[in-house]
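Student: Could we go through this structure together, one question at a time? I would like to see how each answer is reached.

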Amino acid sequence: MTTIVKPRFSWAALLLGLLAGIGGGLAYAWLVNPVKYVDVAPGQLGEADRQAYVLLIAEAYIQDQDLERAQARLLGLDSRDAAAEVASQADSALLRGVPGEEVSALAILAEALGQPSQAAGIFSGSVAAPPAVAVTTATPPAPTSAPAPPTVAPPTGLTTSPGVTMEPEPPGGLELVALETSCLASGGGVIEGYVFDEVGGAGLPAIPVVVSQGGVSERFLTGFKRDISPGYADYVMTEGTSYTVVVEGLSGIVSGIEDTACVTDDGDTGRLNYVLVFAPPAPNPTLESTSAP
Amino acid sequence: MRRFLATFLIGLGLGTLAGVLAGWGFPIQDTRTGLDQLHPDYKAEYVVMVGTAYAASEDWDQAQAWLGELAEPDPAGYVVALAERFIAEGRNPDDIRSLVRLASRFGYVSQPMQPYLPPAGQP
């Protein structure tokens, strides 16, 4: 009589093999030969390349002005909100100080897509929503003698103005290189600020300026009126109120700026206008003190 | 023992297959890629955009830098081939002009490109 011994199936061996195989397979797929995607859509681009792609869409839009096509191109990015992405990239580029043309292209596209951005307000020539901390960018009535764009020539001499003082600027900051007051029959009562990269140099956009009075501060950025200067900002004062002005984090506090009534050269009653010019200190300052107008 | 080994090997094979498929299906590393891996259609669109932007900026260095991102071994040849393909396919004339503008800047102008060349004095 023959006895057939049926061999037992070894579940333990199978389990052991499966575990070892899965571990080895995962190690191979994740570490040795990871998956690489080819022939991808723009939506699968890495962050830097994605931004380059968006920038190129904006640059192309500047030339062809074909919003529909720009939107179609943006669709390839699989963005939840392409307009917001463009606006965000414009603002980010603005803050990083990338070339103005790039920021401008992004800002214009963002604006065309209906997405307000800080950069759009500065670079596209239209006024956008104010910055988060800002109240508003004050718009004065048209002054009788507006600065001549784009070759605006801010004062270079420091005018002695009674009561106006400035704290020392922080190291590497900006100093008040010029201060002028004038009495205007209409359009007065405005603080006009300029921020330059050097005395007589280029205006700097997107520089925060803070105007304070009675414990209330308003913060706004230079550059909203590029037709005057990229480094220009203004603020309409309230009559009889005294203000301080500071280029945030860059200058000392300029105090004693007061909106007061005055008499113009023609004998009319007017209001004082202030022009403040901030720039890095010159290596050899040659500031002149001129008489008040 | 032999049976144990055979079962183990079967398990090992099945496990490896499952592990590899799972690993490729659910990658742990960032799978986002570069412009050089764009689908050919998107690459073509990208080059058209470069040509359009170049028409506005006239910045040839920038245009070359953008084209360089595609990592084509012969950027000029790629642009020329693309321009000729677009002409042959009767694509959007503005797109063709953008491509021809780039091709001509590279110094390659073929007969079919002639009608799409920018007027003298333009980039």
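Student: Where in chain A is the place of T264(A)?

Tutor: The model is a predicted one, and in it we look at the elements on either side of the residue. Strand 10 (261–263) lies on one side and strand 11 (269–279) on the other, and the place of T264(A) is in the loop between strand 10 and strand 11 of chain A.

Student: Is T264(A) buried or exposed?

Tutor: Leaving aside neighbours within four places in sequence, T264(A) is in contact with C183(A), L184(A), A185(A) and G270(A). The relative accessibility of T264(A) is 10%, and because buried means under 20%, T264(A) counts as buried.

Student: Which residues touch the most other members of the largest nonpolar core?

Tutor: This core has 57 residues, and the elements that give two or more residues to it come from chain A, including helix 2 (47–64), and from chain B, including helix 5 (93–106). One of the residues asked for, V47(B), touches L67(B), L70(B), Y78(B), V79(B), L82(B), L99(B) and L102(B), not counting residues up to four places away in sequence. Those that touch the most other members are Y53(A), L109(A) and V47(B).

Student: How is the aromatic pair of Y235(A) and Y243(A) arranged, and what is the angle between the planes?

Tutor: A pair of aromatic rings is described by the distance of the centres and the angle of the planes. Y235(A) counts as buried at 6% relative accessibility, and Y243(A) counts as buried at 1%. Their rings lie 5.5 Å apart, centre to centre, and the pair is edge-to-face, with an angle between the planes of 70 degrees.

Note on methods:
Residues numbered from 1 in each chain as written. Chains lettered and ligands numbered in written order. Predicted model: local features only at pLDDT ≥ 70, side-chain atom pairs only at ≥ 80, totals over all residues. Heavy atoms only, no water. Helix = DSSP H or I, 4+ residues; strand = E, 2+ residues; numbered from the N terminus. Buried < 20%, exposed > 50% of the residue type's maximum accessible area, 1.4 Å probe, protein only. Contact = heavy atoms within 4.5 Å. Core = buried A, V, L, I, M, F, W, Y, C linked by side-chain atoms within 4.5 Å. Phe/Tyr/Trp six-rings, centres within 6.5 Å; stacked < 30°, edge-to-face > 60°.
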